[in-house]
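Subject: Handover of the two-chain structure

Dear colleague,

Please find below the structure that I am handing over to you. My notes on what was found in it follow.

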Amino acid sequence: MQGKVGVFVSIGIVMAEQVKKEQAVSGVPMVTATIDGREVTVPKGTTVLEAAREMGIHIPTFCWHPKLKSVGACRMCYVEIERMPKLQVSCATEVMEGMVIQTASEQVLQGRKAVIEFILLNHPLDCPTCDKGGECDLQNHTFAHAVDDSRYSFKKARYTDGTDGTTFDDKRLGPEIVLNRNRCILCYKCVRANKEAFGEYDLGVYERGNIAEINSAPGHEVDNPFSGNLVEICPVGALTNSDWRYKIRVWLTQTTSSICNMTSSGSNILFYKEKNHNKIYRVTSRMNDSIDDGWLPDVSRYGYQIATTEERLKTPLIKKDGKQVEATWDEAMTVIHNRFTEIAEKKGKVCLGGLASPYLDNDSLHSFNKLFRTVFKSNNIDFRSDYRMLPEGADSPYEMLVDQPFTIADIDDSDLIISFGSDLIREHPNEYLRMRKAYNFKRAKVVSINPYAVKSADIAELEVIHSIGRAETVLNGICLAAMEMGLVNNQDLTGKIAPATTAEAASDAGVTEDDLKEVARAISSAKKISFICGEMVSRSIARDTIASALWNLYLLFGFKDKGQMAILPRYANSRGAGSLGLLPSPSDGLRNTLSGLWGCFPESDPNNTDAMLALMRKEEISGFFIIGANPLMLYPDRQFVTDGLERLDFLVACDLFETDTTELADVVLPLSSWAEYDGDYVNLEGKVQHARQAIKPLYQSKPAYEIITMVAEKFGAPLFESIEACRKEVDELLSMTHSTKFPSQFLEVKPCYEDAEEEYPTPLLICDDPHHCGHRTEKSQSLSNFVSEAYIEMSPEKAEKLAVKDGESVRVESPVGKIVVPVRISDCIDNNVVLIPRNFASTQVTSLLMRKRRLDRVKITKVDE
Amino acid sequence: MMLSEESVKAIKERAGRYPHRKSAILPALTIACRQLGYVDETVYREISKIIRIPMVEVAEAATFYTMFPKAPRGKYLIQVCHNISCALLGADSLIGYLEQKLGITKGETTPDDLFTLISVECLGSCATAPMMQINEDYYENLTRQKVDDILQDLRSKA
Ligand code: SF4
Ligand code: FES
Ligand code: FES
């Protein structure tokens, strides 16, 4: 079998697609060759394989992958090139001027046949029991080349570790992945993708020659958040996953093109459902170069199991004598109508509020909006349930930055990528991979400015780890450095920001002056920048201060002409919800369009999530309608939410399963997942993507749109004549020319620090586990195979100080709450910060938080058994 | 730490010589082998920490090269060439003789931990076949008498 040598020999021969793209525009020389008698002209650097593919000529491959550097390991892609004495591997041979290439000559076919015979030497040929059967490259190429004989009459070499000598050398590499080394053809795709594309080092190739083998890193599991891709790209059945293994044969399934509901970029996916049965079996990628590059984060791949879990809510529930009991939809609608009417009449003013989930599709969000504004005449409506103390107004520095245009594919050819207040791998896994790609293929400079070392250290040229809660000071410092070094001409900023010198800013922010200067230099010399801001900005109550500092940076360095800067929206349809005006007070433009469409718009006070919760406590909002959201688990002040929701007269909650929030509800309605109906979603770029229905709604669940329409009808106020009418309105809203706003001049930025408290010395950050997103994914079996309970992530130094080991429990206390969680020691975390994921209902981490705090601080003590 | 301070220092010094830290893997493994006589998972981890590269990269390189023993072995590693030129000139009987003299079979280590005997592919010294390598030295044009002398000599030095 091909040894590892091949890997070393041909690295570097290959031209990556990015490079190619760049050259085509920058007028790089073109070369002309003849492939199978047809002429083709391609930019210099294109491989023979790529050129052939562009012409629609199929060349079989095993080790080649469009998004990885070629290594020429398998030899399957042989072609014949005139005046070259031997067959050449097309995936690692560049097209040269005048080349005459045959892709299917007698000699080529003979060569490929020999390669297959060689690969099959020790292959178990256990196709009948192999999960890959029916979609296996080896099966297909063998079939296509009619290799039905072998000259090898010896006993095949076998890995039989831990089994009885059958071909089932099943070795579990991680929570999901199982390896069968007998089937492996050593194309190295898995290891290459893992290292090259994902920056993960939990898988390797060991030994060499015919005993070379793939395996996890010694002492490690393969459990990185992109590991599902390894199974998808394995050309044979060597890597399989628990999700799909031995469940169904692929030819009994049919696919539906859709998009994922877990990331805000909207990874393009394929659902596989059993023909004639209402059951999904898996999700694979549907390569979309402008969004996901064909890689799915595990949340996107395994997230579908939130639909297929047994734990789904199966019928409506109505609370009777303090207990929720099963009911029919009709009964539920009647109760909702009667109670809401009663409350409205009793209070005699607007006292209803609504909270929708940003995972819902446009039709659902728009109809929810219309229900509230036109039927309930209420401006108490929001979709953001996990940001504390959001200010109102579309023109705040923060909102303007949320609204900035951003193009995912532009990350590819940025020469400077800055992640600011964002742990990309947790928040935006697709963009995280893009950043790695830009680094790999174009040596883009990667800079991380965060309060802890987020995962990107291996590629980051500069990591500025600042004291937590000092984000705006770092930004001010960068601006000051640029002015002090004369990198920018504009000095208008002076006096608007504090402190006044780079040195002071550096010391306030806990960074070095050199770091600030270096970032300033990097920004001023970059040609194309992607400046990505995330949750640490959105979640902070200082979001407007930080955003103002970002705007100053934007203006000072003239970002308008050299790149993109945005606070990326977090959920599948956050952007859609904003664009459709699902906010208490939408922008004037939106408001006018909406009132034009509906003929009215309520005048009542606008209240966002935070304000609504406050009004519930005062019993001024008494009826509440939650659809898909789970504020109790996610809003960063659990007590505040509990107080509010418990004081309501009537709460309706719709979700896929029972949640902390539905437990408090008077009526619970079973919601369908996104896989169960057709819907449109607006991704973080503003691109509208269609998710097709893969299966019919499960149990008695209904899509949000239907539920909302039913409620409206019960109130005698049908919202739309048909769903088409709703879509027409949505289209009109989304097509509104969106004038992105900029501040016209520098903004004042006076840092607002919070003092440390002696009793609670450790800053706590709440985040998503890289295998989870929000409150729903813990119901996915595969995702919970990776992580199923909360933990507190801390640095080795911190753990040592507390005298705790990995896995031991600690008590985490804040002024308002207390939880017990196991410790996870991580090299990534430093700077005294600790992280706790918020994805697990069993650990009520939001009970530690207070809504009016900028920093959450805790005291950690070891739990003595 | 399995690696001595001296080895760590040597590895760091070597790592500083290359534009890519990764290039220091082989020198680091060599230094580790020189000190310990073999390398294993713990050593991979230590090396990966010293030169700051993922541990899997060290493990891959170490297992790719047969020259790095993966388990403790005798003070002297005897590698007899069993490839064609040596075979024609009696490598097989030489191995047999060594097995008999040392009282072990190929692949084993003597109870006093002095000698480990293995056979390997061509060592590139065909003109002086049959030959063997003990630790870093070649012993060529071997005869039984020469083998006796060599073993005697090594024993007395040990
Ligand atoms: S496990 Fe699959 S992807 Fe990995 S090297 Fe083997 S055949 Fe290739
Ligand atoms: S060598 Fe070209 S595809 Fe493997
Ligand atoms: S065959 Fe023994 S050294 Fe070459």
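In which helix of chain B is the place of B:Glu57? B:Glu57 belongs to helix H4 of chain B, which covers residues 55–64. Please bear in mind throughout that this is a predicted model.

B:Glu57 has 20 other C-beta atoms within 10 Å. A residue is buried if 20 or more such atoms lie within that distance, so B:Glu57 counts as buried. When its neighbours within four places in sequence are left aside, B:Glu57 is in contact with B:Lys22 and B:Ile25. B:Ile25 is 32 residues away from B:Glu57 along the chain, yet their C-alpha atoms are separated by 8.2 Å.

**Chain B as a whole**

Chain B contains seven helices and four strands. In sequence order these elements give the pattern α-α-α-α-β-α-α-β-β-β-α. Chain B has 158 residues, of which 31% are buried. Its C-alpha atoms fill a box of roughly 50 × 30 × 20 Å, taken along the principal axes. Of the contacts in chain B between residues at least 6 apart in sequence, 59% join residues at least 24 apart.

Two domains are assigned in chain B: domain 1 spans 5–64 and domain 2 spans 76–157. A distance of 29 Å separates the C-alpha centres of domain 1 of chain B and domain 2 of chain B.

**Where the chains meet**

On the side of chain A, 10 residues are in contact with nine residues of chain B. The chain A side of this contact comprises five nonpolar, two polar and three charged residues.

**Domains of chain A**

Chain A is divided into domain 1 (5–120), domain 2 (170–308), domain 3 (317–393 + 574–735), domain 4 (407–567) and domain 5 (762–862). Between domain 4 of chain A and domain 5 of chain A, the C-alpha centres are 26 Å apart. Their contact involves 15 residues from domain 4 of chain A and 12 residues from domain 5 of chain A. On the side of domain 4 of chain A, helix H13 (residues 424–427) of chain A gives the most, with three residues. That side of domain 4 of chain A, where it touches domain 5 of chain A, divides into nine nonpolar, two polar and four charged residues.

**Helices H11 and H27 of chain A**

Two packed helices are described by the angle between their axes and the distance between the axes. Helix H11 (residues 362–375) of chain A and helix H27 (residues 723–735) of chain A have axes that come within 10 Å and cross at roughly 85°. H11(A) is therefore roughly perpendicular to H27(A). From H11(A), the contact is made by A:Asn362, A:Asp363, A:His366 and A:Ser367, and from H27(A) by A:Ile723, A:Cys726, A:Arg727, A:Glu729 and A:Val730. By class, the residues of this contact between H11(A) and H27(A) are three nonpolar, three polar and three charged.

H11(A) itself has 14 residues and reaches 19 Å from its first C-alpha to its last, close to the 20 Å expected at 1.5 Å a residue. Because 13 of the 14 residues of H11(A) are buried, this helix is largely enclosed by the rest of the structure. Just after H11(A), A:Lys377 takes a positive phi of about 50°.

**Helix H15 of chain A**

Helix H15 (residues 471–484) of chain A has 14 residues, which at 1.5 Å a residue should span 20 Å. The end C-alpha atoms of H15(A) are 20 Å apart, so the model agrees with that expectation. H15(A) is mostly covered, with 13 of its 14 residues buried. Just after H15(A), A:Gly486 takes a positive phi of about 70°.

**A:Leu550**

A:Leu550 is found in helix H19 (residues 543–557) of chain A. A:Leu550 counts as buried because there are 29 C-beta neighbours inside 10 Å. Not counting residues up to four places away in sequence, A:Leu550 touches A:Leu401, A:Leu475, A:Cys533 and A:Met565. A:Gly679 lies 129 residues from A:Leu550 in sequence and 35 Å from it in space, C-alpha to C-alpha.

Yours sincerely

How values were computed: Residues are numbered from 1 along each chain as its sequence is written. Chains are lettered from A and ligands numbered from 1 in the order in which they are written. This is a predicted model: local features need pLDDT of at least 70, side-chain atom pairs count only at pLDDT 80 or more; totals for chains, interfaces and linings use all residues. Helices (H or I, at least four residues) and strands (E, at least two) are DSSP runs, numbered from the N terminus. The expected span of a helix is 1.5 Å times one less than its number of residues. A residue is buried if 20 or more other C-beta atoms lie within 10 Å of its own, exposed if 12 or fewer, and partly exposed in between; C-beta atoms are placed from the backbone. Axes are lines fitted to C-alpha atoms, for helices over the stretch in contact, and angles run from 0 to 180 degrees between N-to-C directions. Angles under 35 degrees count as roughly parallel, over 145 as roughly antiparallel, 65 to 115 as roughly perpendicular and the rest as oblique. Two residues are in contact if their C-beta atoms, placed from the backbone, lie within 7 Å. Ala, Val, Leu, Ile, Met, Phe, Trp, Tyr, Cys and Pro count as nonpolar, Asp, Glu, Lys and Arg as charged, and the others, Gly among them, as polar. Domain bounds come from an automatic or database domain assignment.
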